[in-house]
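Visitor: I would like to go through this structure one step at a time. Please start with any term I will need.

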Amino acid sequence: MGGGAKPMLLWYVWIRLVDGTWHKLDDLARQLRIPHNAVSWAAKFLSDHGLAELGREGEIRLHNTHSRFEDVVKTLPQVG
């Protein structure tokens with residue numbers, strides 16, 4: 001897994017979801033002290049790649065899947 005801001009952002013959001021319960025994006029942004037739009041991007045990315053499920057009213061939870069976090073992060077475009 002490469003370094004950089006996006007993989008770290010994804011990790012911060014994903015690690016908050018490992019308990020499997022629903023989390024409000026606003027609460028995650030506040031807890032992580034990260035702008036809401038960044039948390040929303042991470043939530044959409046994790047959802048699009050099958051690691052998380054977006055709910056109604058700005059909520060997200062970890063999706064039970066066989067996808068590995070490391071494999072999904074490898075799909076990020078490399079900045080070079």
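Guide: Contact means heavy atoms within 4.5 Å. Keep in mind that this is a predicted model.

Visitor: Which residues does Gly20 touch, not counting residues up to four places away in sequence?
Guide: Gly20 is found in the loop between α1 (5–17) and β1. Its C-alpha lies 5.2 Å from that of Leu62, although Gly20 and Leu62 are 42 residues apart in sequence. With residues up to four places away left out, the residues that Gly20 touches are Arg61 and Leu62.

Visitor: Is Gly20 buried, exposed or partly exposed?
Guide: Buried means under 20% relative accessible area, and exposed means over 50%. Gly20 has a relative accessible area of 35%, so Gly20 is partly exposed.

Visitor: And His23, buried or exposed?
Guide: His23 is in strand β1 (residues 23–24). The cut-off for buried is under 20% relative accessible area. His23 has 15% relative accessibility, so His23 counts as buried.

Visitor: Which backbone oxygen does the side chain of His23 reach?
Guide: Not counting residues up to four places away in sequence, His23 touches Arg16, Leu17, Leu28, Gly58, Glu59 and Ile60. The side chain of His23 also joins that of Thr21 in a polar contact of 3.3 Å. The backbone oxygen that the His23 side chain reaches, at 3.2 Å, is that of Arg16.

Visitor: How are two packed helices described?
Guide: Two numbers are used. Two packed helices are described by the angle between their axes and the distance between the axes.

Visitor: Which residues of α2 make the contact with α1?
Guide: α1 and α2 pack at an angle of about 115°, and their axes are 11 Å apart. The crossing of α1 past α2 is right-handed. From α1, the contact uses Tyr12, Val13, Arg16 and Leu17, and from α2 it uses Leu28, Gln31 and Leu32.

Visitor: How many nonpolar residues does the contact of α2 with α3 have?
Guide: The contact is made by Leu25, Asp26, Leu28 and Ala29 of α2, together with His36, Val39, Ser40 and Ala43 of α3. By class, two of the residues in the contact of α2 with α3 are polar and one is charged, and the number of nonpolar residues is five.

How values were computed
Residues are numbered from 1 along each chain as its sequence is written. This is a predicted model: local features need pLDDT of at least 70, side-chain atom pairs count only at pLDDT 80 or more; totals for chains, interfaces and linings use all residues. Side-chain values use heavy atoms; hydrogens and water are left out. Helices (H or I, at least four residues) and strands (E, at least two) are DSSP runs, numbered from the N terminus. Ala, Val, Leu, Ile, Met, Phe, Trp, Tyr, Cys and Pro count as nonpolar, Asp, Glu, Lys and Arg as charged, and the others, Gly among them, as polar. Buried means under 20% relative accessible area, exposed over 50%, partly exposed in between (1.4 Å probe, protein chains only). A polar contact is a pair of N or O atoms within 3.5 Å; within protein, one must be able to donate a hydrogen and the other to accept it, and residues adjacent in sequence count only if both atoms are side-chain atoms. Axes are lines fitted to C-alpha atoms, for helices over the stretch in contact, and angles run from 0 to 180 degrees between N-to-C directions. A crossing is left-handed if the near helix is turned anticlockwise from the far one by less than a right angle, and right-handed if clockwise.
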